[in-house]
Amino acid sequence: DIVTPMPESQAELAFEGALRPKSLAEFVGQSKVRAQLELLLQAASMQNRTPDHILLAGPPGLGKTTLAMIVAHESGRQLRMSSGPAIQHAGDLAALLSSLLPGEVLFIDEIHRMARSAEEMLYLAMEDFRIDIMVGKGAGATSIPLDLAPFTLVGATTRAGLLPNPLRDRFGFTAHLEFYSDGELEQVITRAAHMLELRIDSGSLAEIAGRSRGTPRIANRLLRRVRDYSLVHRSDGLEAVNAALKLYDVDERGLDRLDRAVLMTVLQRFDGGPVGLGTLAASVGEEAETIESVVEPFLVRVGLITRTPRGRVATRSAWEHFGLSPQAAGHS
Ligand code: ADP
């Protein structure tokens with residue numbers, strides 16, 4: 001499935017790794033975030049200190065991991081990678097933090113999924129480069145302070161709002177990554193096609209870019225599926241693009257199966273809405289967090305749904321997209 005946030009296989013991983021830009025200059029789009037990061041890194045370098053902790057927020061596939069790698073690379077530091085789900089106990093985090101060498105960049109992906117007890121340990125670590133390790137249980141428990149080497153934490157989350165305030169406040173800078181424009185995605189896959197030595201015309205590249213949900217990871221994957229199709233069916237140009245994307249359930253606006261399931265549910269089961277997030281998630285059989293962090297941001301950005309205090313509402317453009325019209329009067 002093209003939209004799964006995690007790569008399905010080692011091949012996909014290797015593919016993503018090979019295409020990752022290595023410097024801020026090569027990183028396409030997000031010009032605001034790039035300028036903000038550049039300033040932060042430059043100031044730290046001039047003062048010869050570790051850069052402030054950085055939080056990267058945004059839907060999957062927009063370049064958070066890539067930026068973490070660039071932060072380490074541009075400041076000439078080593079990167080250590082972990083993720084929230086891998087930190088299920090404070091002890092996991094203590095082991096990780098105490099093994100850091102001076103100046104290293106620690107990347108924690110999906111930081112909102114870290115254990116509560118670890119979160120509290122992280123507050124002190126981020127602020128004072130120090131942790132308290134609890135030894136023993138109950139009345140006999142004592143805490144042993146441990147000094148850490150100074151480090152830069154780069155956290156990634158699908159939504160900054162999922163983090164508790166005390167954790168969010170300890171980042172010196174929060175970057176909100178935006179969906180990419182079609183033109184930017186075209187740049188991303190033109191570069192990828194070049195690196196993969198694919199011969200593909202610019203019209204096809206533009207079509208793939210326009211159907212990639214504003215997301216570089218998806219654009220790169222669709223490019224690969226189109227390449228597969230061309231190889232197997234000895235077809236190329238727009239014909240191959242259209243056939244390949246149809247096969248993988250990507251429609252003319254780039255909506256995938258889950259996007260369409262969510263929209264159709266709002267339109268047909270709830271007559272255009274409003275419908276609450278929990279009800280919507282249950283109806284399509286997905287986690288509410290996935291709907292809210294992965295599906296909705298794109299549907300809102302392309303104007304297919306709006307979020308109201310009473311729930312999600314389909315727009316006129318959503319009805320039109322499916323060639324449907326509202327049952328009752330009064331909808332728009
Ligand atoms: P995230 O961590 O936000 O899920 P990644 O950093 O793993 O996203 O990016 C996914 C893929 O998209 C990578 O293969 C990367 O090469 C590509 N990519 C992401 N952002 C950009 C960008 N701004 N320019 C070029 N390629 C990008």
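At which residues does UniProt place the feature "binding site"? The unreviewed entry places this feature at Arg307 and Arg312; UniProt positions follow the numbering used here, feature names are shortened, and annotations may be inferred rather than shown by experiment.

1. Basis of the note. The model is predicted: local features need pLDDT of at least 70 and side-chain atom pairs count only at pLDDT 80 or more, whereas totals for chains, interfaces and linings use all residues. Residues are numbered from 1 along each chain as its sequence is written.

2. Overall architecture. The protein chain has 14 helices and 9 strands; helices (H or I, at least four residues) and strands (E, at least two) are DSSP runs numbered from the N terminus. Along the principal axes, its C-alpha atoms fill a box of roughly 65 × 50 × 35 Å. Of the 332 residues, 36% count as buried. A residue is buried if 20 or more other C-beta atoms lie within 10 Å of its own, exposed if 12 or fewer, and partly exposed in between, with C-beta atoms placed from the backbone. Among contacts between residues at least 6 apart in sequence, 68% join residues at least 24 apart; a contact requires C-beta atoms, placed from the backbone, within 7 Å.

3. The ligand shell. There are 20 residues around the ligand, of which Gly63, Lys64, Thr65, Thr66 and Pro216 come nearest; a residue is near a molecule or strand if its C-beta atom, placed from the backbone, lies within 6 Å of it. Helix 1 (10-19), helix 3 (64-74) and helix 9 (216-233) are the elements that give two or more residues to this shell. By class, the shell divides into 9 nonpolar, 7 polar and 4 charged residues. Here Ala, Val, Leu, Ile, Met, Phe, Trp, Tyr, Cys and Pro count as nonpolar, Asp, Glu, Lys and Arg as charged, and the others, Gly among them, as polar.

4. Helix 9. The 18 residues of helix 9 should span 26 Å at 1.5 Å a residue, and the end C-alpha atoms are 26 Å apart, which agrees; the expected span is 1.5 Å times one less than the number of residues. Its buried residues include Pro216, Arg217, Asn220 and Tyr229. What covers the buried residues of helix 9 includes helix 1, helix 7 (182-195), helix 8 (202-210) and helix 10 (237-247). Just after helix 9, Arg234 takes a positive phi of about 45 degrees.

5. Helix 8. Ser204, Leu205, Glu207, Ile208 and Ala209 are the buried residues of helix 8. They pack against helix 7, helix 9 and helix 10.

6. The nonpolar core. The largest such core holds 75 residues, and Leu56, Ala68, Val71, Ile189, Ile208 and Ala219 touch the most other members. A nonpolar core is a set of buried Ala, Val, Leu, Ile, Met, Phe, Trp, Tyr and Cys residues joined through C-beta atoms within 7 Å. Leaving aside neighbours within four places in sequence, Ala68 is in contact with Leu56, Leu79, Phe107, Val154 and Ala156.

7. The annotated arginines. Arg307 is found in strand 8 (residues 305-308), and Arg312 in strand 9 (residues 311-314). Arg307 counts as partly exposed because it has 15 C-beta neighbours inside 10 Å, whereas Arg312 is buried, with 26 other C-beta atoms within 10 Å. Not counting residues up to four places away in sequence, Arg307 touches Val300 and Arg312. On the same terms, the residues that Arg312 touches include Gly273, Pro274 and Arg307.

8. Backbone features to inspect. The peptide bond from Gly273 to Pro274 is cis, with omega near 5 degrees; Pro274 is found in the loop between helix 11 (257-269) and helix 12 (277-284). Asn48 has a positive phi, near 55 degrees, and lies in the loop between helix 2 (31-46) and strand 1 (54-57). Glu110 also has a positive phi, near 45 degrees, in the loop between strand 3 (105-109) and helix 5 (116-128). Asn48 is exposed, with 6 other C-beta atoms within 10 Å, while Glu110 counts as buried, with 20 C-beta neighbours inside 10 Å.

Conventions. Contact = placed C-beta atoms within 7 Å.
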